[in-house]
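Here's a quick walk through one protein–RNA model. Have the sequence and the 3D view open side by side, and let's take the parts one at a time.

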Amino acid sequence: MDEKYNPESIERKARQFWDDNHIFEVDEDPEKDKFYCLTMFPYPSGKLHMGHVRVFTINDVIARYQRMRGKHVLQPMGWDAFGMPAENAAIQRGVPPAEWTYKNIAEMRLQLKRLGFGYDWTREVTTCKPEYYRWEQWLFTRLFEKGLVYRKNAIVNWDPVDQTVLANEQVIDGRGWRSDALVERREIPQWFMKITSYADELLEQLDALPGWPDSVKTMQRNWIGRSEGVELSFDVKDHDQPLSVFTTRPDTLMGVTYMAVAAEHPLAKKAAQQSPEIAEFIEACKKTDAQEATLETMEKKGMALGISAVHPISGDDVPLWVANFVLMTYGTGAVMAVPGHDQRDHEFAKKYGLPIRQVVRPADGSEIDIDESAFVEHGVLVNSAAFDDLNFEQAFDAIAEHFEASGRGRRRVNYRLRDWGVSRQRYWGTPIPIVYCDDCEAVAVPENQLPVVLPENVSVTGAGSPLKQMPEFYETDCPQCGKPAKRETDTFDTFVESSWYFSRYACPDSDTAMLDEREAYWLPVDQYTGGVEHAILHLLYARFFQKLMRDEGLSSANEPFTNLLTQGMVLKDGAKMSKAKGNTVDPQALIERYGADTVRLFMMFAAPPEQALEWSDDGVQGAFRFLKRFWVAVQEYASNGVIHNLNTGALDDGQKQLRRKTHQTISKVSDDVGRRYTFNTAVAASMELLNAVNRFEDASDQGQAVVGEALQAVVLLLSPIVPHICQELWRVLGHDSALVFEKWPSVDESALVKSTVELVVQVNGKLRGRIAVEADADNDEIAELALADENVQKFIAGQAIRKTIVVPGRLVNIVV
RNA sequence: GCCCGGGUGGCGGAAUUGGUAGACGCUGCGGACUUAAAAUCCGUUUUGAGAAAUCAAGUGCGGGUUCAAGUCCCGCCCCGGGCACCA
């Protein structure tokens with residue numbers, strides 16, 4: 001007997017067994033019930049961090065559990081290998097991004113193996129390899145032909161000192177992270193994918209995702225932001241183009257007292273030619289970064305343009321303003337302002353002394369002071385001439401019809417969602433497969449010339465993309481006319497790679513198509529696990545790509561992820577672990593000291609997966625201590641000889657009680673792991689059962705048989721979480737077969753039956769006593785017993801009983 | 001600013017459908033074993049009062065609904081995530 005728990009050797013042995021027998025490599029067997037269990041793949045930053053350990057452990061537990069439930073489980077792993085950190089490393093250390101990335105992947109792969117995750121490594125996908133990204137280039141060219149991608153100007157953060165485009169992350173308090181220069185907004189041409197063409201489907205199919213958390217679906221709904229409104233146009237004096245605006249509140253049209261346009265709007269530019277003050281204001285508007293949070297929180301400023309529009313109904317003059325919070329790239333670049341019924345317009349009007357007009361009153365007739373604050377609710381129209389006394393819906397329709405009849409407007413559905421800008425002015429990414437020709441303009445690279453390979457041997461300086469300095473990359477011939485032409489030097493947003501990798505795992509080696517018939521076997525993903533920080537962007541883009549791939553005939557699935565689990569962050573001292581804060585804990589050191597099982601157990605025990613997890617060194621110690629107790633308990637039991645002759649009909653009360661605990665635990669852990677994903681309570685319940693075994697002293701044959709059943713249950717129940725130690729203990733319990741081939745234990749309902757139950761007795765909702773009653777006692781008997789309790793008597797003495805509530809199996813409440 | 005979460009002992013958390021608040025673990029304290037330490041084991045640990053039985057208070061704050069509220073409703077405060085070029 002091996003009395004000391006030695007994780008190092010136990011874990012090496014278990015890993016060896018899984019590897020040698022290719023346990024986690026799976027084929028496409030149509031006879032088997034597939035289960036595709038996936039985590040969001042990691043960026044290869046160099047070392048695993050605790051967040052990785054957490055999410056991969058959660059997924060491995062689900063995968064191993066489903067395997068024990070008889071599913072044919074695919075759990076793949078790969079690398080989201082393009083991105084900024086590789087460029088930063090290159091700038092700082094002079095290592096080419098490719099070299100740095102491949103080295104990191106090699107290190108992280110070793111760490112993942114050491115943690116015992118059951119991956120099918122034959123399907124590993126690495127997004128920075130041409131075999132991978134050539135297919136997204138191919139899909140892009142197909143979308144180009146279909147008109148689902150297009151080029152237009154868009155705003156970027158421009159660092160005027162480093163002469164480079166900055167990511168939002170690289171802008172700190174409006175300044176460039178390296179140069180400290182004030183960042184400017186700059187418009188440059190970029191490629192877009194028409195995600196808005198799929199807005200309605202992306203919205204509606206959220207209802208077909210019962211396996212997603214409501215919070216994520218709500219966030220996506222709000223992000224897509226479907227709204228019904230009216231687009232209408234205002235004539236502009238001394239200008240031949242009318243100004244069109246979109247509003248969801250046409251009922252407030254008569255309350256329009258001014259209009260505001262973006263700094264980049266043609267009308268603003270026109271006014272600037274006459275006025276140096278306006279020109280100066282427009283310049284000042286550009287001196288801010290492009291983040292929404294900045295725009296929403298900055299001081300709202302504006303300036304009158306000296307131009308007027310004509311109110312389309314009253315014919316009144318409506319002054320035009322330029323305002324810093326209106327963006328040219330959103331909507332029409334102009335808004336109508338109704339300070340009486342919009343809070344932002346109200347504040348702006350107050351600040352610049354613009355008139356505020358009430359055109360809606362509360363439907364309940366209550367008094368409001370429109371000068372004090374805007375009345376933004378729906379109500380009844382006033383001061384609106386022919387539209388007076390109409391409610392919101394009537395006014396909406398009447399005004400929409402008025403404009404439709406005169407051809408000056410139309411009902412429209414508008415989305416907050418904007419098309420996806422996929423261009424990045426960076427080196428370490430997938431080259432956008434476009435060639436610019438003076439005659440033919442933008443031309444997609446033909447299929448037989450794909451992939452456009454990213455050169456890997458470069459030096460990165462931080463001032464612009466190296467591709468722009470490489471004629472050997474960008475000089476080419478036009479695929480259409482053959483004349484000299486230039487390649488696009490921008491690369492794709494890395495969200496493009498992460499929008500379809502889950503499908504590629506099904507057929508990672510397919511070199512004749514993006515996806516092949518194996519996709520149909522594995523997709524959609526049954527269980528997807530990843531950080532809640534991806535609730536909107538990544539998950540929306542992946543859903544969009546799924547629809548693009550479906551419409552391209554590559555897949556028949558509408559949605560890529562059937563069930564979604566969003567896990568919380570790992571914190572230390574209440575804050576996200578980061579190098580900057582100096583509060584990181586290296587998983588590697590812990591694995592070496594305690595073994596993978598201890599780290600896995602702590603991760604699963606410390607918090608439910610969706611919550612933030614507070615790191616605790618002492619908690620890791622506790623997990624290790626539990627595994628030692630577990631090890632010793634099984635060894636001690638086995639050293640007395642394993643008993644197999646459990647006779648459930650011949651048990652005494654104590655034996656029955658332990659056996660009931662065993663089956664209650666199987667029932668609870670099955671629910672916690674299989675349905676609720678509350679692994680922390682599953683571990684707690686298993687600990688309780690082991691504690692019960694350790695307290696149980698009964699050397700009789702049946703006593704030991706009951707102990708054996710309990711220990712065997714704990715080994716099976718904990719095996720998805722701590723697979724190495726369980727693999728070994730299963731052998732100790734006398735089994736020849738390997739644990740990975742075992743089925744999940746089942747509950748013996750007859751073991752759960754109890755003849756008496758304890759009920760709580762309350763008086764006026766306060767706990768006053770406990771009574772034991774027969775399990776089948778009726779409510780009158782229960783009430784009688786409750787009243788007879790000595791302590792209960794004290795609290796009801798001399799008072800009339802008004803009501804008695806009996807909740808079967810739970811409590812009695814006596815109201816006096 | 002907007003959208004989505006969260007707030008329970010000294011700490012991480014439990015309480016699954018409105019029904020015993022604090023399971024399980026950690027820490028602390030007391031004890032056993034040991035020459036000693038580590039490891040291990042036993043007891044104890046929401047606060048206040050009490051020898052105890054037991055009583056009172058208690059789930060961020062203020063109200064409300066209910067026989068009964070950590071859980072539902074209304075109004076706040078604080079913390080975290082996302083806000084379209086971090087991944």
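Helix α24 (residues 779-788) lies across β31, β32, β33 and β34 (811-815), and runs at about 130° to β32. Bear in mind as you look around that this is a predicted model.

The strands under discussion make up an open sheet of four, ordered β32-β31-β34-β33, with mixed pairing. What stands at the edges of the sheet? That would be β32 (766-774) and β33 (803-807); each has a single partner strand, so one side of each is left without a neighbour in the sheet. On average, neighbouring strands here are turned by 20° against each other, direction ignored. For β32, the pairing with β31 (residues 756-763) is antiparallel and covers eight bridges. If you want one pair to click on, take T756, whose bridge partner in β32 is E774.

Now for the packing. The largest nonpolar core counts 177 residues, and W615 and F630 are the ones with the most contacts inside it. Helix α19 (residues 617-639) gives the most to this core: 11 residues. Setting aside neighbours within four places in sequence, F630 is in contact with L690, V714, V715, L718, I725, C726 and L729. There's also a second, separate core of 41 residues, with V230, L232, V318 and A334 among its members.

Not counting residues up to four places away in sequence, T662 touches L689, E709, A710 and A713.

On to the RNA. There are 71 residues around RNA strand B, and N168, R424, Q425, R426 and K668 come nearest. Helix α21 (residues 679-695) provides the largest share of the surface near RNA strand B, with six residues.

| Protein side | RNA strand B side | Distance |
|---|---|---|
| N222, polar side-chain atom | sugar or linking oxygen | 2.8 Å |
| E292, polar backbone atom | phosphate oxygen | 3.2 Å |
| R418, polar backbone atom | base nitrogen | 2.9 Å |

So what does R418 put 2.9 Å from a base nitrogen of RNA strand B? A polar backbone atom.

Definitions and conventions:
Residues are numbered from 1 along each chain as its sequence is written. Chains are lettered from A and ligands numbered from 1 in the order in which they are written. This is a predicted model: local features need pLDDT of at least 70, side-chain atom pairs count only at pLDDT 80 or more; totals for chains, interfaces and linings use all residues. Side-chain values use heavy atoms; hydrogens and water are left out. A nonpolar core is a set of buried Ala, Val, Leu, Ile, Met, Phe, Trp, Tyr and Cys residues joined through side-chain atoms within 4.5 Å. Buried means under 20% relative accessible area, exposed over 50%, partly exposed in between (1.4 Å probe, protein chains only). Helices (H or I, at least four residues) and strands (E, at least two) are DSSP runs, numbered from the N terminus. Contact means heavy atoms within 4.5 Å. Two strands pair if DSSP finds at least two bridges between them. Axes are lines fitted to C-alpha atoms, for helices over the stretch in contact, and angles run from 0 to 180 degrees between N-to-C directions. A residue is near a molecule or strand if one of its heavy atoms lies within 4 Å of it. A polar contact is a pair of N or O atoms within 3.5 Å; within protein, one must be able to donate a hydrogen and the other to accept it, and residues adjacent in sequence count only if both atoms are side-chain atoms.
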